[in-house]
Amino acid sequence: MVYDRRPEDFVRITTKELAEAFIAEQIDAIKEQVGDGKVLLALSGGVDSSVVAALLIKAIGDQLTCVHVNHGLLRKGEPEQVIEVFGKELGANLIYVDATDRFLDKLAGVADPETKRHIIGEEFIDVFADEARKLEGVQFLAQGTIWPDILESEDGIKAHHNAGGLPEDLQFELVEPVKILFKDEVRQVGLALGLPDTMVYRQPFPGPGLGVRCPGAITRDRLEALRESDAILREEFGKDGLDNDVWQFFTIVPDFKTTGIRDGQRTFDWPCVIRAVNTVDAMTAEPAELDWAFVQHLTKRITSEVPGINRVLWDVTPKPSGTIEWE
Ligand code: XMP
């Protein structure tokens, strides 16, 4: 798909004033496009869909319905934040679907990474389509497509990020108000719209979520250990503003056990891997140089607070040879 307006034709959004001007322009454009029609949006809680949601709420209020699908592979506190910010503070028409069991049941016993990704993607579309069918008279689908998505789809690197894949009976006209923006501009717009910093500066999080950090067949107990260790990591990185210096950081809990000792008793538990990287474009990456005392502190907290973990490993591999994610 070729767009008539390209980013090079317009001033980059680098200030609050420019962001506000963009918001005002987009509100007019959205109103003109949708009139009094109804719009649907899959709201993941990531930067792009959150900014689109906030923009549409400002433009058309309750003509927008947001659907937040919790696939059970989100980080600790994420669904709660979406409900708090969009459902309560911004008063959005928000449908929250806890589809955890649906996803985890389908994923039970599935160890192959690509099959896992495929199941998560398909199931997501199914859940979203089920919700869309329950609504009447929706003509438009809003999406947080941004300029790099369009460039990558023009280059054939990835399929255009639309909910393409929706079944035949669900075909909508697209509303893509941030499609000529780069990520840093989307963030400026998000700040100007009053979204919280933790949402606007959220680090990249893969669509399949914690699923790709729980290698092999996902089990609920190991997933929980992963979610808890990730929450500790994020809390600790947030304390000294280290989260501004490191591009992406998370934990992985592999599916094997090793021996250990806790309270004088032998344990047989999982290890937890810390992955922290710096990169410019995620095509290559360097392990972040973490302070040794900080790594020891993380180790102490994770091994003492997370049930099922008795050992912490630090992944110091650059990309290449390792990818950033483990699956
Ligand atoms: P890799 O692991 O390929 O990751 O070095 C590069 C960046 O992409 C993110 N990533 C994904 N994002 N869906 C996404 O939306 C995915 O399936 C996916 N896999 C990896 C990863 O977190 C990193 O930022």
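Tutor: A crossing is left-handed if the near helix is turned anticlockwise from the far one by less than a right angle, and right-handed if clockwise. Helices are DSSP runs (H or I, at least four residues), numbered from the N terminus. This is a predicted model, where local features need pLDDT of at least 70, side-chain atom pairs count only at pLDDT 80 or more, and totals for chains, interfaces and linings use all residues. Residues are numbered from 1 along each chain as its sequence is written, and side-chain values use heavy atoms, leaving out hydrogens and water.

Student: Is the crossing of H2 and H7 left-handed or right-handed?

Tutor: The axes of H2 (residues 47-60) and H7 (residues 183-192) come within 10 Å and cross at roughly 40°. Axes are lines fitted to C-alpha atoms over the stretch in contact, with angles from 0 to 180 degrees between N-to-C directions. The crossing of H2 and H7 is left-handed.

Student: Are H4 and H5 roughly parallel or roughly antiparallel to each other?

Tutor: Angles under 35 degrees count as roughly parallel, over 145 as roughly antiparallel, 65 to 115 as roughly perpendicular and the rest as oblique. The axes of H4 (residues 100-107) and H5 (residues 113-134) cross at roughly 150°. H4 and H5 are therefore roughly antiparallel.

Student: Which residue has a side-chain N or O atom 2.5 Å from an oxygen atom of the ligand?

Tutor: Polar contacts here pair N or O atoms within 3.5 Å. Ile 324 places a backbone N or O atom 2.8 Å from a ligand oxygen. At 2.5 Å from a ligand oxygen lies a side-chain N or O atom of Glu 325.

Notes. Helix = DSSP H or I, 4+ residues; strand = E, 2+ residues; numbered from the N terminus. Polar contact = N/O pair within 3.5 Å; in protein donor to acceptor, adjacent residues only side chain to side chain.
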